[in-house]
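Please look over the chain shown here before reading the points below. They are meant for someone who has not seen it before.

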Amino acid sequence: MSDTTTGSTPPPGSLLATGRGKVTPALLCAVTFPDVLDGSIVNVALPTIRTDLECRRTRPDWPQP
């Protein structure tokens, strides 16, 4: 029994064997990166923003049941 999955090239019927299959993951990574970066920057900067705006809320704005 031979193992055909050890090679570095995908099998012929695979989506990765096509040009579109190679571009799609790269495009998804390129589109996701700015969103993740933006979320990280906001989470790191939130305490400083709260201090600069002198926001001293200790409870949320929405009404409690």
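Is Gly21 buried or exposed?

1. Gly21 is buried, because its relative accessible area is 1%; buried means under 20%, exposed over 50% and partly exposed in between, with a 1.4 Å probe and protein chains only as cover. Gly21 belongs to helix α1. Apart from neighbours within four places in sequence, Gly21 is in contact with Leu15 and Leu16, where contact means heavy atoms within 4.5 Å.

2. This is a predicted model, in which local features need pLDDT of at least 70 and side-chain atom pairs count only at pLDDT 80 or more, while totals for chains, interfaces and linings use all residues. Residues are numbered from 1 along each chain as its sequence is written, and side-chain values use heavy atoms, with hydrogens and water left out.

3. The chain has 1 helix and 0 strands; both are DSSP runs numbered from the N terminus, helices being H or I with at least four residues and strands E with at least two. Of its 65 residues, 2% count as buried.

4. The 34 residues of α1 should span 50 Å at 1.5 Å a residue, and the end C-alpha atoms are 50 Å apart, which agrees. The expected span is 1.5 Å times one less than the number of residues.

5. Helix α1 has a kink of about 45 degrees at Ala45, shortly before the proline Pro47. The bend is the angle between axes fitted to the seven residues ending at a residue and the seven starting there. Just after α1, Glu54 has a positive phi of about 55 degrees.

6. Ile49 sits in helix α1, which covers residues 19-52. Ile49 counts as partly exposed because its relative accessible area is 40%.

7. The chain exposes about 6400 Å², of which carbon and sulfur atoms supply 63%. These areas come from the Shrake-Rupley method with a 1.4 Å probe.
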